[in-house]
Amino acid sequence: MELKQIITGFTGTENCTVTPITNGLINTTYWVEDHDSDEKWILQKINTQVFPLPEIISQNHLLINRMLEEGNYPLEIVKPKATLSGSFIQKDDNGESWRMISFIEDTKTFFKIPDLKTAYESAKAVGCFLNTINPEHLPDIQTPIPDFINFEKRVLDYQTSLQQANEGLLENAAPEIEMMNELLFLPQKWIALEKDGLLPKRIIHGDPNVRNILFDETSKPLAVIDLDTVTVSTILYDFGDMARSYSNTLDEDDGNAGNNFNPHIYRTVKDGFLLYLNEKLTFEELENLDYAAQTVIYIQAIRFLTDYLNGSKYYATKYADHNLERTRNQLQLLKGLRKYLRVD
Ligand code: GN1
């Protein structure tokens, strides 16, 4: 099935221009300009190896949008577009799943946070998003990726990959494996906190990295996008992932890292995040912010490393050691944060 046929299923016209966008690691994304209506859209092929039931993503997205609209959310909201027959996911002849969402005009994205002001405003935007979401709807949120924030499973998957990887890969990654094993106490504490019921369940974004904020030309955040990973878990994950992504002075793909942790940005991210949420978070959540940042970086490193050892099947990669470079980048970031926190 041709791309244009899929687009016709959503818009009713083939008279459009399609441009690939390549800044996500999971789904395949295109920018569509519809010349009949002059409207612009984002078209995505959902990676169903990662999201086994794409309908869940659309249902969560619509529910979150309703909460944001009812909560007078000040930022822009991306809207899913239905096909001509009224569903939000279109299957093609190969069984692939496609969805279309609205395109927000005149925006830009960053691969790394450019300065303190942008860090503060972005963290504030994520805090505002989380603050606007209505906890009453928590039971209605469905799990888009089973075990996405199950750290026990992440560690087990890593241990399995160690047993199954070929010698060459294990040798290449020997220093990273050593550091991973030394810091295993990080996810273990998280697992214990969750088992003891100390981390309240909330609706979270699940992927608030810098690439998922749209900015206007003055670098003011306009929208928090990519709601595919919205799920029910601890809010510490969102704080940790944001801190992980924003405080990195290098592109996540850059493994030639010296010190890539920026402590000023880290502090600013915390301030921005807490602006809306300080009053809402529990004592345990507030106490564990620094710990969460370390652990989410650790988990991102273990995910990249596991994928590397498994032959790089999960994340999109451009060369053989891409995931290993990403692992190095994350471990270097973790070292920098731990040094700053004086826990190293
Ligand atoms: C993926 O889809 P994207 O590129 O925004 C991943 C995140 C990782 C991120 C690392 C569903 O995010 O969990 O933190 O890469 N998303 C999924 O860059 O696995």
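1. Basis. The model is predicted; local features need pLDDT of at least 70, side-chain atom pairs count only at pLDDT 80 or more, and totals for chains, interfaces and linings use all residues. Residues are numbered from 1 along each chain as its sequence is written, and side-chain values use heavy atoms, with hydrogens and water left out.

2. Helix H8. H8 covers residues 235-246, 12 residues in total. Its C-alpha span, first to last, is 17 Å, close to the expected 16 Å. That expected span is 1.5 Å times one less than the number of residues. Helices (H or I, at least four residues) and strands (E, at least two) are DSSP runs, numbered from the N terminus.

3. Burial. H8 is largely enclosed by the rest of the structure, because 12 of its 12 residues are buried. Buried means under 20% relative accessible area, exposed over 50%, and partly exposed in between (1.4 Å probe, protein chains only).

4. Start of the helix. Look at Thr-234. A side-chain oxygen of Thr-234 comes to within 2.9 Å of the backbone nitrogen of Leu-236.

5. A pair inside H8. Arg-244 and Asp-241 form a salt bridge, with 2.7 Å between the closest N and O atoms. A salt bridge here is a side-chain nitrogen of Lys or Arg within 4 Å of a carboxyl oxygen of Asp or Glu. The two residues are 3 apart in H8, so about one helical turn separates them. An α-helix has 3.6 residues a turn, so residues three or four places apart point the same way. Both Arg-244 and Asp-241 are buried.

6. Arg-211 and Glu-252 meet through their side chains in a salt bridge of 3.7 Å, N to O. Arg-211 sits in the loop between strands S7 (202-204) and S8 (213-215), and Glu-252 in the loop between H8 and helix H9 (263-277), so the pair ties together parts 41 residues apart in sequence. Arg-211 is buried at 15% relative accessible area. Glu-252 is buried at 11%.

7. The network. Salt bridges link Arg-211, Asp-241, Arg-244 and Glu-252 in a network. The whole structure holds 15 salt bridges.

8. A pair reaching H12. Asp-253 and Arg-326 form a salt bridge at 2.9 Å, N to O. Asp-253 is in the loop between H8 and H9, while Arg-326 is in helix H12 (residues 322-340), so the pair ties together parts 73 residues apart in sequence. Asp-253 is partly exposed at 26% relative accessible area. Arg-326 is buried at 1%.

Technical notes. Polar contact = N/O pair within 3.5 Å; in protein donor to acceptor, adjacent residues only side chain to side chain.
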